[in-house]
Amino acid sequence: MSEYKVLLVDDEEDFTQALGERLELRDYKVKVAGSGEECLEELEAEVPDVVILDLKMPGLGGIEVLKRIRAEHSDLPVLLLTGYGSTEEGIKGMQLGAADYLMKPLNIDDLISKIHQAVGK
């Protein structure tokens, strides 16, 4: 179905493991980063087709990571994950160049649709 490379960035290890497994079952190639800093390191090594980025993380938060991604990889699609009913940061992220945002808990079919829209296929 897909051969998209996805970088999944979230500090909640159980969440990234479960979501990563669900994406891999759908033939996505998934790498996981547990922090904003780790995300930027992964991007130096290999640029994926799309980044799925949590906004709320300790240390380097999602908005700052998005700004740095835009500075280095202006065309890389980034989907933001927001939780706790916070759409304000999702909207701010889109103003900074994110392709879209999704609320946690995620619906996997919605995520797949957003990935395909963001990558443009």
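This is a predicted model: local features need pLDDT of at least 70, side-chain atom pairs count only at pLDDT 80 or more; totals for chains, interfaces and linings use all residues.
In it, five strands form an open sheet with parallel pairing, in the order β2-β1-β3-β4-β5, and Asp-10 is placed in the loop between β1 and α1.

**Helix α1**

- Phe-15, Thr-16, Leu-19, Gly-20 and Leu-23 are the buried residues of α1, and because they cover an arc of only 120° around the axis, they lie on the same side of the helix.
- An α-helix has 3.6 residues a turn, so residues three or four places apart point the same way.
- Glu-13 and Asp-14, by contrast, are exposed residues carried on the face of α1 that is turned away from its buried side.
- The length of the helix agrees with expectation, because the 12 residues of α1 (residues 13-24), at 1.5 Å a residue, should span 16 Å, and the end C-alpha atoms are 16 Å apart.

**The sheet and the helix across it**

- Within the sheet order β2-β1-β3-β4-β5, β2 and β5 (100-103) stand at the edges with a single partner strand each, so one side of each is left without a neighbour in the sheet.
- From one strand to the next, the twist of the sheet averages 20°.
- β1 and β3 run parallel and are joined by four bridges, and Leu-7 has Val-51 in β3 as its bridge partner.
- β4 and β5 likewise run parallel and are joined by four bridges, with Leu-79 standing opposite Asp-100 in β5.
- Helix α3 (residues 62-72) lies across β3 and β4, and runs at about 155° to β3.

- Asp-10 counts as buried because its relative accessibility is 1%, where the cut-off for buried is under 20%.
- A polar atom of the Asp-10 side chain lies 2.8 Å from the backbone nitrogen of Glu-12.
- Leaving aside residues up to four places away in sequence, Asp-10 touches Phe-15, Thr-16, Ala-33, Gly-34, Asp-54, Met-57, Leu-81 and Lys-104.
- Among these contacts of Asp-10 are Phe-15 and Thr-16, which also belong to the buried residues of α1.

Methods: Residues are numbered from 1 along each chain as its sequence is written. Side-chain values use heavy atoms; hydrogens and water are left out. Helices (H or I, at least four residues) and strands (E, at least two) are DSSP runs, numbered from the N terminus. The expected span of a helix is 1.5 Å times one less than its number of residues. Buried means under 20% relative accessible area, exposed over 50%, partly exposed in between (1.4 Å probe, protein chains only). The arc is that of the directions from the helix axis to the C-beta atoms. Two strands pair if DSSP finds at least two bridges between them. Axes are lines fitted to C-alpha atoms, for helices over the stretch in contact, and angles run from 0 to 180 degrees between N-to-C directions. Contact means heavy atoms within 4.5 Å. A polar contact is a pair of N or O atoms within 3.5 Å; within protein, one must be able to donate a hydrogen and the other to accept it, and residues adjacent in sequence count only if both atoms are side-chain atoms.
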